[in-house]
Amino acid sequence: MTSSSSVSPGSSVPRLVIAAPSSGSGKTTVATGLMAAFAARGLTVSPHKVGPDYIDPGYHALATGRVGRNLDAYLCGPELVGPLFAHGARGSDLAVVEGVMGMFDGAAGEGELASTAHVAKLLRAPVVLVVDASSQSRSVAALVHGFASWDPEVRVGGVILNKVASDRHEALLREALDSAGVPVLGVLRRAPQVDTPSRHLGLVPVAERQSAAVEAVAAMAAQVDAGCDLEGLMALARSAGALSCAAWDAAEVLVSSPPPPLPVPSLGAAPPDPHRPERPRPQTPDGLRIAVAGGPAFTFSYAEHTELLTAAGAEVVVFDPLRDEQLPDGTRGLVIGGGFPEVYAAELSANEPLRKAVGALAESGAPLAAECAGLLYLCRELDGRPMCGVLDATARMSERLTLGYRDAVALSDSVLAVAGTRMRGHEFHRTVVEPGSGAAPAWGVRAPERRVEGFVQQGVHASYLHTHWAAEPGVARRFVERCRTS
């Protein structure tokens with residue numbers, strides 16, 4: 001929940017949603033290029049990504065100098081899309097929202113839920129359709145007309161033609177689109193310099209490319225600046241409808257959300273008195289320090305997680321498991337999110353002092369929350385290389401891609417949730433952990449198939465599921481309270 005006492009300035013920020021008929025059409029190139037091109041003109045641009053993707057927001061952040069944020073109507077619920085957008089967009093001149101997959105593709109079996117079209121409607125934002133025109137001419141008009149007319153509540157305000165071969169090809173496309181009723185707001189030619197390398201889980205993250213990523217984003221900005229009508233796009237962005245919601249605020253939601261149940265005596269003091277809704281403030285002087293894994297091997301995280309931990313009273317310190325041989329001084333809890341430990345298995349394994357430090361922290365009973373890559377790092381070994389040994393399990397790469405939203409329920413009381421807590425998550429990996437769960441599983445996955453998953457032992461919660469704590473702020477508060485009392 002968010003306070004309804006006022007409407008945030010972020011609710012009226014001009015905004016565009018960048019969509020496409022299908023994946024691979026060039027959404028990331030266009031969205032990132034637009035962000036960088038407008039930022040180069042002196043605008044403060046707020047970057048957003050529909051869905052659970054962690055990698056594209058890294059390129060968005062590089063283009064804008066602001067944190068890339070996700071808008072996921074499945075993980076967080078449709079009611080939080082507007083408030084989370086307003087939170088991220090506060091203080092900006094323009095917001096650019098990159099879509100996911102094809103415009104109407106959402107959570108499997110859930111209709112429009114979590115699709116780009118759904119988010120565009122929730123944001124009352126005009127859509128710019130990016131079309132890969134490399135293998136068509138007149139047919140582009142039928143395609144654009146179909147997408148523009150499929151759902152009358154989605155306003156397709158313009159089209160950007162991508163991978164156009166020549167002046168002649170452009171003329172044929174423009175002539176065809178004259179009758180479609182959707183203006184052409186950009187034409188981009190094939191440009192290999194804007195391509196970004198991919199591997200088993202999509203684009204290579206910014207943290208792994210550094211200077212090459214900077215060059216790629218600069219090339220995207222130059223291409224978009226030269227090929228798009230930025231004035232026309234800005235005018236379209238200003239036509240977005242105002243949102244009647246307050247911005248999400250980490251401190252406020254911790255007050256308004258139900259206090260986390262603490263049924264186990266060792267979990268600490270009683271929850272706050274609900275009749276005294278005082279706004280919590282960071283309490284860093286008490287030395288409550290939570291370490292969060294970062295660096296090239298652990299790049300998957302949502303900004304709201306850190307914001308919630310801070311609002312709950314923790315000092316969050318980022319460290320790099322590839323380079324740092326010890327945890328930050330005074331670490332009372334550890335969060336290890338997603339990323340690519342399989343790519344850096346040799347380097348992670350070689351950092352034996354840190355592996356031992358993580359193992360000792362877990363042995364002490366301190367809270368550890370690990371998602372996906374973090375799960376692999378806590379195993380005995382990964383692809384035959386020693387890891388932290390916190391979990392009596394092994395991990396290995398697999399040919400099979402595991403991908404999709406998950407409906408889950410907590411099966412065991414843990415540092416994150418009391419048994420019975422229902423949360424939605426997302427899986428995205430090409431690895432296998434054996435066994436897949438411990439004596440006290442973390443989650444019972446309810447959909448798309450029923451199974452148990454993950455590990456709860458002492459203060460450790462380790463699982464393949466990526467979750468968004470904004471949907472259940474009590475998770476962060478519970479974790480911080482356990483850090484305070486362990």
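At 60% relative accessibility, Asp392 counts as exposed, where buried means under 20% relative accessible area, exposed over 50% and partly exposed in between, for a 1.4 Å probe and protein chains only. This is a predicted model, in which local features need pLDDT of at least 70 and side-chain atom pairs count only at pLDDT 80 or more, while totals for chains, interfaces and linings use all residues. Residues are numbered from 1 along each chain as its sequence is written, and side-chain values use heavy atoms, with hydrogens and water left out. Helices (H or I, at least four residues) and strands (E, at least two) are DSSP runs, numbered from the N terminus.

**Salt bridges**

- The structure holds 24 salt bridges, each being a side-chain nitrogen of Lys or Arg within 4 Å of a carboxyl oxygen of Asp or Glu.
- Side chains of opposite charge can pair when their charged atoms come close.
- Because Arg380 lies in the loop between α13 (373-378) and β14 (381-382) and Asp392 in the loop between β15 (385-386) and β16 (394-410), the pair ties together parts that are 12 residues apart in sequence. Arg380 itself is partly exposed, at 38% relative accessibility.
- Glu427 and Arg451 form a salt bridge through their side chains, at 2.3 Å from N to O. With Glu427 in strand β17 (residues 422-434) and Arg451 in strand β19 (residues 451-453), this pair links distant parts of the chain, 24 residues apart. Glu427 is buried, at 2% relative accessibility, whereas Arg451 is partly exposed, at 25%.
- Within helix α6 (residues 167-177), Arg174 and Glu170 are four residues apart and so are separated by about one helical turn; their side chains meet in a salt bridge of 2.9 Å, N to O. Arg174 is partly exposed, with a relative accessible area of 34%, and Glu170 counts as buried, at 18%.
- A network of salt bridges links Glu112, Lys121, Asp151 and Glu153.

**Buried charged residues**

- Asp72 occupies the loop between β3 (69-71) and α3 (78-89).
- A polar atom of the Asp72 side chain lies 2.9 Å from the backbone nitrogen of Leu75.
- Leaving aside residues up to four places away in sequence, Asp72 touches Gly51, Pro52, Gly77, Val81, Ala114 and Tyr405, contact meaning heavy atoms within 4.5 Å.
- Arg69 lies in strand β3 and is buried, with a relative accessible area of 10%.
- The side chain of Arg69 makes a polar contact of 2.7 Å with the side chain of Glu307. A polar contact is a pair of N or O atoms within 3.5 Å; within protein, one must be able to donate a hydrogen and the other to accept it, and residues adjacent in sequence count only if both atoms are side-chain atoms.
- Beyond four places in sequence, the residues touched by Arg69 include Pro47, His48, Lys49, His87 and Glu304.

**Helix packing and a buried helix residue**

- Two packed helices are described by the angle between their axes and the distance between the axes.
- The axes of helix α1 (residues 27-40) and helix α7 (residues 211-227) come within 7 Å and cross at roughly 85°. The axes are lines fitted to C-alpha atoms, for helices over the stretch in contact, and angles run from 0 to 180 degrees between N-to-C directions.
- Helices α1 and α7 are therefore roughly perpendicular to each other, a description given to angles of 65 to 115 degrees, with those under 35 counted as roughly parallel, those over 145 as roughly antiparallel and the rest as oblique.
- Ala345, in helix α11 (residues 345-350), is buried at 1% relative accessibility. Ala345 and Pro386 are 41 residues apart in sequence but 8.7 Å apart in space, C-alpha to C-alpha, and the residues that Ala345 touches include Leu382 and Met387.

**Backbone features**

- Most residues other than glycine have a negative phi, and most peptide bonds are trans.
- The peptide bond from Glu434 to Pro435 is cis, with omega near -5°, and Pro435 lies in the loop between β17 and β18 (443-447).
- Cys372, although not a glycine, has a positive phi of about 55°; Cys372 lies in the loop between β13 (368-371) and α13 and is buried, at 6% relative accessibility.
- Gln458, also not a glycine, has a positive phi of about 50°; Gln458 sits in the loop between β20 (455-457) and β21 (460-463) and is exposed, at 52% relative accessibility.
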